[in-house]
Amino acid sequence: MKYWLVSLAAAAALAGCATTQHTIENLNPFSPPSSFQQIDTNGDGVISPAEANAYPPLAQNFRRVDSNGDGNINPNEWKAATTFLSPTPGFDTYDLNGDGFITEQEADSAPQGGLQSMFDDVDADGDGNISPAEFNAATVNLLKGISFDSLDTDHDGAVSKDEAQKNLLLWSNFGRVDLNGDGQISRQEYQQFESR
């Protein structure tokens with residue numbers, strides 16, 4: 001009987017640890033899924049134009065990010081927009097057969113790489129093709145227009161991880177912007193990323 005109780009207690013403790021870990025992950029306000037949730041303030045699973053107003057770069061690019069044109073941004077459209085796909089080469093470079101869609105095979109076969117590793121994220125409607133609207137949405141740079149000086153709050157010439165946490169998109173893409181991996185973003189690194 002004692003062994004059974006000990007086993008039950010151990011199982012409960014492990015389950016509690018898993019639940020605690022899951023809860024801790026959900027409390028991290030700077031993970032990419034949470035960046036969507038922070039803007040979706042009413043928690044209905046989409047970002048409305050009114051909610052987008054809280055993040056001006058998103059409000060300015062709302063129609064581009066809303067690739068299905070339904071008047072809201074769903075999590076897949078958000079994911080596509082935060083891939084920060086470089087706009088060059090353009091859509092036609094990948095659409096090898098000229099039918100107006102990029103298939104996964106075309107993305108893999110294109111002379112310029114880059115899109116194949118992000119294909120599933122850019123294909124916001126999950127139909128196995130990237131439309132011009134989806135491609136256009138993925139080339140939005142939602143950091144454009146956010147000045148380096150506004151992020152470098154201590155004015156030491158670099159954006160630390162603590163400073164980056166104040167901008168949900170910069171924090172969730174910190175490793176991509178910090179090109180040399182030194183744990184801070186220089187003005188040059190930020191400008192290089194912002195200009196894409």
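User: Is His155 buried or exposed?

Analyst: His155 is exposed, since its relative accessible area is 61%, and exposed here stands for anything over 50%. Please keep in mind that this is a predicted model, which applies to everything we discuss below.

User: Where does His155 lie?

Analyst: You will find His155 in the loop that runs between H11 and strand S3, the strand covering residues 158-160.

User: And what about the phi of His155?

Analyst: The phi angle of His155 is near 55°, which is a positive value in a residue other than glycine. As background, most residues other than glycine have a negative phi.

User: Is Phe84 buried or exposed?

Analyst: Phe84 is buried, because its relative accessible area is 2% and the limit for buried is under 20%.

User: Changing topic: how many salt bridges does a search of the whole structure find?

Analyst: The search over the whole structure gives two salt bridges. In one of them, Asp121 pairs with Lys79, and the closest N and O atoms are 3.3 Å apart. This pair joins distant parts of the chain, with Asp121 in helix H9 (residues 119-122) and Lys79 in helix H6 (residues 75-81), a separation of 42 residues.

User: Why does Asp121 count as partly exposed?

Analyst: Asp121 counts as partly exposed because its relative accessibility is 25%, and Lys79, at 44% relative accessibility, is likewise partly exposed.

User: Which residue forms a salt bridge with Asp149?

Analyst: That partner is Arg187, and the closest N and O atoms of the two residues are 2.6 Å apart. Here again the pair links distant parts of the chain, since Asp149 belongs to helix H11 (residues 148-151) and Arg187 to helix H15 (residues 187-194), 38 residues apart. Asp149 is partly exposed with a relative accessible area of 41%, and Arg187 is partly exposed with 36%.

User: Now the inside. Which residues touch the most other members in the largest nonpolar core?

Analyst: The largest nonpolar core has 28 residues, and the members that touch the most others are Leu58, Trp78, Leu170 and Tyr190. Several helices each supply at least two residues of this core, among them H6, H11 and H15. Helix H13 gives the most, with three residues.

User: And what does the second, separate core include?

Analyst: The second core is separate and has 13 residues, including Ile102, Met118, Ile130 and Ala138.

User: How many aromatic pairs does a search of the whole structure find?

Analyst: The search finds six aromatic pairs. In one of them, the rings of Tyr94 and Phe135 have centres 6.1 Å apart and planes at 55°, so that pair is tilted. The pair links distant parts of the chain, as Tyr94 is in helix H7 and Phe135 in helix H10, 41 residues apart. Tyr94 is buried at 3% relative accessibility, and Phe135 is buried with a relative accessible area of 6%.

User: And how far apart are the ring centres of Phe148 and Tyr190?

Analyst: The ring centres of Phe148 and Tyr190 are 6.0 Å apart and the planes are at 50°, so this pair is tilted. Phe148 lies in helix H11 and Tyr190 in helix H15, so the pair joins distant parts of the chain, 42 residues apart, and both residues are buried.

User: Which residues form one aromatic cluster?

Analyst: Phe91, Tyr94 and Phe135 form one aromatic cluster.

User: What does Ser131 touch?

Analyst: Leaving out residues up to four places away in sequence, Ser131 touches Phe91, Gly100 and Phe101. Ser131 lies in the loop between strand S2 (129-130) and helix H10 (132-138), and Ser131 is buried, with a relative accessible area of 15%.

User: Last one: where is Ser160?

Analyst: Ser160 is in strand S3 and is partly exposed, with a relative accessible area of 25%. If we leave aside neighbours within four places in sequence, Ser160 is in contact with Phe174 and Gln184. Ser160 and Asp182 are 22 residues apart in sequence, and their C-alpha atoms are 9.8 Å apart in space.

Notes. Residues are numbered from 1 along each chain as its sequence is written. This is a predicted model: local features need pLDDT of at least 70, side-chain atom pairs count only at pLDDT 80 or more; totals for chains, interfaces and linings use all residues. Side-chain values use heavy atoms; hydrogens and water are left out. A salt bridge is a side-chain nitrogen of Lys or Arg within 4 Å of a carboxyl oxygen of Asp or Glu. Helices (H or I, at least four residues) and strands (E, at least two) are DSSP runs, numbered from the N terminus. Buried means under 20% relative accessible area, exposed over 50%, partly exposed in between (1.4 Å probe, protein chains only). Contact means heavy atoms within 4.5 Å. A nonpolar core is a set of buried Ala, Val, Leu, Ile, Met, Phe, Trp, Tyr and Cys residues joined through side-chain atoms within 4.5 Å. Rings of Phe, Tyr and Trp (its six-membered ring) pair if their centres lie within 6.5 Å; planes under 30 degrees apart count as stacked, over 60 as edge-to-face and the rest as tilted.
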